[in-house]
Amino acid sequence: FIKRESAWKPGSINKKNSITMAKKTIFWPGWLIDNPLTEDPGDSIFSVKSDSMLTTEDIARQLISEGTEFKLETLIDILNRSDRIIRNSLLAGRPVGTGVFYAYPSVSGVWRGTSDTFDEKRHKAGINFQPNAALRESLKSVGTEVLGMASVGPVISTVTDHWSGEV
């Protein structure tokens, strides 16, 4: 990400829709990709450019660089234990709230009365994630930096109905 000052200042007015814009101080670079789901040839979607994914070891190393007295192996073990506790809580049907996100179990699909049971052909277990309040507030400072049109992007060649398997 790129951190810099934005042209938008708090309280400035967007003449197009008269909505006050939040000051943008963090910019996510990314590419525009043609949107094949619309008929408008000018429609694009934005794909954030990411160089790498932050891993558990990366987090542990950053904690060390911030001055923690724990050893790398100890921090990785603590973080892995935290992940296991979160995973097991979600699998037990219990929602989880952290300093970053809220996660809660869900089941999608149609039920045919109270005596119906879970059917893998009609139901799907999942986990929904939402940013917590602090992260949602922080996202207001995010803007984008368009790097151009992507030369190659995702292409939808077929659409398959997940429930019926029909193409």
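These legends describe close-up views of one predicted protein model.

The model is predicted: local features need pLDDT of at least 70, side-chain atom pairs count only at pLDDT 80 or more, and totals for chains, interfaces and linings use all residues. Residues are numbered from 1 along each chain as its sequence is written, and side-chain values use heavy atoms, with hydrogens and water left out.

**View 1. The protein chain holds three helices and seven strands.**
Helices (H or I, at least four residues) and strands (E, at least two) are DSSP runs, numbered from the N terminus. From that end, the elements run β-β-β-α-α-β-β-β-α-β. The chain has 167 residues, and 15% of them count as buried. Buried means under 20% relative accessible area, exposed means over 50%, and partly exposed lies in between (1.4 Å probe, protein chains only). Contact means heavy atoms within 4.5 Å. Among contacts with a separation of 6 or more, 42% join residues 24 or more positions apart.

Two or more lining residues come from each of α1 (56-65) and α2 (72-91). Helix α2 gives the most, with four residues. By class, six lining residues are nonpolar, five are polar and one is charged. Here Ala, Val, Leu, Ile, Met, Phe, Trp, Tyr, Cys and Pro count as nonpolar, Asp, Glu, Lys and Arg as charged, and the others, Gly among them, as polar.

**View 2. Strands β4, β5 and β6 form an open antiparallel sheet.**
The order is β4-β5-β6. Strands β4 (96-97) and β6 (124-131) are the edges, each pairing on one side only. Two strands pair if DSSP finds at least two bridges between them. Eight bridges join β5 (residues 101-108) to β6. In one of the pairings, Ala 103 has Phe 129 of β6 as its bridge partner.

**View 3. Asn 132 sits in the loop between β6 and α3 (133-139).**
Asn 132 counts as buried because its relative accessibility is 7%. Beyond its neighbours within four places in sequence, Asn 132 contacts Thr 98, Gly 99, Val 100, Phe 101 and Tyr 102.

**View 4. Ser 141 lies in the loop between α3 and β7 (142-149).**
Its relative accessibility is 17%, so Ser 141 counts as buried. The Ser 141 side chain reaches the backbone oxygen of Ser 138 at 2.7 Å. A polar contact is a pair of N or O atoms within 3.5 Å; within protein, one must be able to donate a hydrogen and the other to accept it, and residues adjacent in sequence count only if both atoms are side-chain atoms. Not counting residues up to four places away in sequence, Ser 141 touches Lys 23, Lys 24, Thr 25 and Ile 26.

**View 5. Leu 147 belongs to strand β7.**
Leu 147 is partly exposed, at 33% relative accessibility. Leaving aside neighbours within four places in sequence, Leu 147 is in contact with Pro 29, Gly 30, Trp 31 and Lys 49. Its C-alpha atom is 9.8 Å from that of Val 48, 99 residues apart along the chain.

**View 6. Ser 44 is part of strand β3 (residues 44-48).**
A relative accessible area of 30% makes Ser 44 partly exposed. Ser 44 touches Leu 32, Ile 33, Asp 34, Asn 35 and Met 149, residues up to four places away in sequence not being counted.

**View 7. Trp 28 is found in strand β2 (residues 26-34).**
Trp 28 has a relative accessible area of 32% and is partly exposed. Trp 28 and Lys 49 are 21 residues apart along the chain, and their C-alpha atoms are separated by 7.4 Å.
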